[in-house]
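Student: I am new to this one. Please take me closely through a single part, chain by chain if need be.

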2 protein chains.
Amino acid sequence: MSPNAREAILAAAKTTAQARGYNGLNFRELAAEVGIKGASIYYHFPSKADLGVAVARRYWEDAAAVLEEISAANPDPASCLRQFPATFRKALENDNRICLCSFMAAEYDELPDAVKQEVQTFADVNVAWLSKVLSTPGIIGAKESEARARAIFAAVAGAQLMARSRADIALYDALIDNYRAAGLLPA
Amino acid sequence: MSPNAREAILAAAKTTAQARGYNGLNFRELAAEVGIKGASIYYHFPSKADLGVAVARRYWEDAAAVLEEISAANPDPASCLRQFPATFRKALENDNRICLCSFMAAEYDELPDAVKQEVQTFADVNVAWLSKVLSTPGIIGAKESEARARAIFAAVAGAQLMARSRADIALYDALIDNYRAAGLLPA
DNA sequence: ACCTGAACACCGTTCAAGT
DNA sequence: ACCTGAACACCGTTCAAGT
């Protein structure tokens with residue numbers, strides 16, 4: 001497994017943390033997935049906190065890239081907004097997982113500070129993208145669009161969490177539809 | 001600690017689980033809070049799953065009682081809805097904790113089935129109350145009011161989670177305000 | 001550079017024994 | 001009835017040591 005053990009560890013840690021959180025991450029199990037021993041992970045990541053930081057950072061970097069792709073492919077802001085909930089749907093499609101950062105938000109009390117920082121950056125990245133898209137038509141002011149962006153982010157994360165608690169992806173879709181019907185998201 | 005060790009265990013488990021989840025519950029620590037030894041908890045709860053069930057059940061029973069009080073004190077449905085977000089604010093006020101069932105929803109994969117059931121009942125209780133209140137004016141149909149009730153529940157839980165991730169209760173208030181401004185909650 | 005064995009501290013659980 | 005000490009099997013983590 002030497003070619004890129006570090007990347008393999010990051011990938012395994014990401015999917016595990018989406019299902020069991022930062023606390024659910026365990027080095028022996030992670031190592032087994034990668035084909036090395038638990039102790040070997042410490043060569044790549046000096047501590048669990050370092051692994052947590054690396055995983056959460058990679059997570060928001062990937063999210064930022066996906067959002068940029070959506071922006072690039074959709075000049076129309078309304079169509080960008082229509083596609084946003086699909087980014088959170090992906091985790092549910094992957095065996096009822098949730099956003100890594102939602103899980104870590106719940107684990108806030110036990111999270112190393114450096115990991116907390118990355119979790120917040122994930123939210124910042126999403127809110128900044130939403131805010132930019134919302135203010136594009138020039139209808140909503142910058143300040144209002146940021147507040148709305150935060151509300152959309154929080155509501156979508158909540159819908160994902162509720163859907164997970166019932167292992168029901170149709171519930172997620174219904175919640176998003178209702179956000180649209182209520183006016184939180186553009187129809 | 002004999003007068004009511006069982007109740008003391010339940011209370012300690014509740015606050016701990018609101019901060020660290022079901023997985024964060026450990027018998028030795030819980031016992032220390034109550035003034036007994038870890039092994040003694042097994043006299044009151046045969047297994048961790050049994051404790052989890054008892055805590056989650058008590059949690060929704062208490063929530064149901066609080067909601068009934070609100071209904072009783074406020075004949076006006078609009079004023080009931082105005083007060084709903086305060087029930088979730090309480091946990092944040094208590095050292096940045098969150099809803100026990102939100103945390104357990106995140107922990108879905110590792111939860112005993114009987115605990116999952118109680119977590120879902122918590123959501124059911126909240127959704128049923130919201131749905132009833134929403135349909136009172138007769139403006140919204142029963143089916144529509146239930147869908148909206150679910151959306152409000154999910155969005156409020158999401159707001160609580162996001163506020164926790166920044167230990168920022170003012171953010172919670174701002175998110176709720178924005179839900180109102182957007183039309184998800186009545187202004 | 002990359003990995004491992006062995007050890008440590010801790011956890012859920014059990015159970016025989018105490019009061 | 002209610003509680004405890006001691007033990008068991010297991011797990012996350014660390015680190016000195018291997019190649």
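Let us take chain A. Of its contacts with a separation of 6 or more, what percentage comes from residues 24 or more positions apart?

Tutor: The answer is 64%; a contact means heavy atoms within 4.5 Å. This is a predicted model, with local features needing pLDDT of at least 70 and side-chain atom pairs pLDDT 80 or more, while totals for chains, interfaces and linings use all residues. Residues count from 1 along each chain as written, chains are lettered from A and ligands numbered from 1 in written order, and side-chain values use heavy atoms, without hydrogens or water.

Now the build of chain A. It has 9 helices and 0 strands (DSSP runs of H or I, at least four residues, and of E, at least two, numbered from the N terminus). The radius of gyration, over C-alpha atoms, is 18 Å, close to the 16 Å of the globule rule for 187 residues, so chain A is as compact as a globular protein of that length (the rule is 2.2 Å times the number of residues to the power 0.38). The C-alpha trace spans about 55 × 30 × 30 Å along its principal axes.

Chain A also meets DNA strand C. The side chain of A:His44 has an N or O atom 3.0 Å from a phosphate oxygen of DNA strand C. Two elements give two or more residues to this surface: helix H3 (41-44) of chain A and helix H2 (27-34) of chain B.

How values were computed:
A polar contact is a pair of N or O atoms within 3.5 Å; within protein, one must be able to donate a hydrogen and the other to accept it, and residues adjacent in sequence count only if both atoms are side-chain atoms.
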